[in-house]
Amino acid sequence: MANITLDSSGLLSSTCVPNIFIDKYMTGANGEFVKIYLYLIRCMDQSKQTCSISELADVFEHTEKDILRALAYWEKMHLLHLEYDANREVSGISLELPHKTPSSCPPSQPKAEDEKQYTLEQMEQFQNDEGVQEILFITENYLGRTLNPTDIRTILYWYDGLHFSTDLIEYLIETCISNGHTSLRYMEKIALSWADSGISSVAEAKKDREMHHRDVYAVMKAFGISGRSLVSSELKAIQKWTGSYAFSMDLIKEACRRTIQATGKPSFEYADTILANWHKNDVHTLKDVGKLDAAHQKSRASAKSKETAHRSASQNRFNNFPQRTYNYEQLEKQLLNTTH
């Protein structure tokens, strides 16, 4: 495959891992994906370098598909951008961090609660901003009530702390209200999840929502679930399967099918056990599932064969003694002589 040009996009020429990556992205990612991303940061000792997918695969003793899956995952997380040549092969990788790209190893990122502590003077200054005035007015109209200082601080944090545009904040509020969620606390969870995913525009938020709904609908259809919405734990399971495990929907559907076959009902816990086992065994495709099944069947057949041989040996050990022959007429005469 062709060489790939690496562009650091402002990252340091030292192996310094930004805390935002550790705090918000690393914990929820596949461990192998994390290794590859850290290695790419390490490769940024110079402003530009070249490598290839095959070289990366050799370093980690992975297949090229494994490397491409990792890169696709980080692109989905908006931590890098992939460029392609005329043959649709990866020709460039640009590493980038959302919102803030530190010029040195950054301090720990403050929590949302800390960043929302605006003074009254700051709040007054913000409210003189036409964009802020507009979004506060829109929020009050959606909620049908006057915003209190805590509400205003929360919205100001989305605008100032998360760097959301007024359009994105309006879309956030509109989407939550339309789904029956009027709590600003709930809206903030969505806002933080968007920030974690690097979403900074309405178009990106809509795309993320469409992908989420598509994945959820596909799993519900595979399980035969209708007439109800999924609960939080079920939605988190789907997020883990598509995010941390980076499984294709074909693999997830197969796990759902096997769950129904084994239990007779939809069970996210059972499906999660199947998918966790596939993840542990480095399964990436349905073909890999077939290979794992074949190995499992071979192992079971071998164990059954050993068990049969052991049982047979146990049954035959009583027949291994030398067999004696008796002259019953002689024994009878001896017995008669003895009694007389």
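Two strands count as paired if DSSP finds at least two bridges between them. Strands here are DSSP runs of E with at least two residues, and helices are runs of H or I with at least four, both numbered from the N terminus. In β4, the residue bridged to Leu82 is Ile93.

The model is predicted, so local features need pLDDT of at least 70 and side-chain atom pairs count only at pLDDT 80 or more, while totals for chains, interfaces and linings use all residues. Residues are numbered from 1 along each chain as its sequence is written, and side-chain values use heavy atoms, with hydrogens and water left out.

## Overall content

The protein holds 16 helices and four strands. Of its 340 residues, 36% are buried. Buried means under 20% relative accessible area, exposed means over 50%, and partly exposed lies in between (1.4 Å probe, protein chains only).

A contact is a pair with heavy atoms within 4.5 Å. Among contacts in the protein with a separation of 6 or more, 65% link residues 24 or more positions apart.

## The β3–β4 hairpin

Strands β3 and β4 run antiparallel and are joined by five bridges. They form a hairpin with five residues between them, and Arg88 in the turn has a positive phi of about 60°. β4 is mostly covered, with six of its six residues buried.

## Nonpolar cores

A nonpolar core is a set of buried Ala, Val, Leu, Ile, Met, Phe, Trp, Tyr and Cys residues joined through side-chain atoms within 4.5 Å. The largest one has 29 residues, and those with the most contacts inside it are Tyr37, Ile67, Leu71, Trp74, Leu80 and Ile93. Two or more residues each come from α1 (19–26), α2 (31–42), α3 (53–60), α4 (64–76), β3 (80–84) and β4 (90–95). The most come from α2, which gives six residues.

Trp74 touches Phe21, Tyr25, Ala29, Phe33, Val34, Tyr37, Leu79 and Leu80, when residues up to four places away in sequence are not counted. A second, separate core has 27 residues, including Ile135, Leu147, Ile152 and Leu172.

## Helix α12

Helix α12 covers residues 232–242, and its buried residues are Glu234, Ala237, Ile238, Trp241 and Thr242. Seen down the helix axis, these buried residues fall within an arc of 125°, so they line one face of α12. The arc is taken from the directions from the helix axis to the C-beta atoms. The buried residues of α12 pack against α4, α11 (202–223), α13 (249–263) and α14 (268–280). On the face turned away from the buried side are the exposed residues Ser233, Lys236 and Gln239.

## Individual residues

The relative accessible areas of several residues are set out here.

| Residue | Relative accessible area | Class |
|---|---|---|
| Cys176 | 3% | buried |
| Cys256 | 0% | buried |
| His163 | 43% | partly exposed |
| Asp282 | 44% | partly exposed |
| Tyr270 | 38% | partly exposed |
| Phe137 | 54% | exposed |

The structure holds zero disulfides, a disulfide being a pair of cysteine sulfur atoms within 2.5 Å.

His163 is in the loop between α8 (149–161) and α9 (166–178). Its phi is near 60°, a positive value in a residue other than glycine. Asp282 lies in the loop between α14 and α15 (286–316). The phi of Asp282 is near 60°, again positive in a residue other than glycine.

Tyr270 belongs to helix α14. Leaving aside neighbours within four places in sequence, Tyr270 is in contact with Arg258, Thr259, Ala262 and Thr263. Its C-alpha atom is separated by 9.3 Å from that of Ile260, ten residues away along the chain.

Phe137 is part of helix α7, which spans residues 130–143. Between the C-alpha atoms of Phe137 and Leu147, ten residues apart along the chain, the separation is 9.2 Å.
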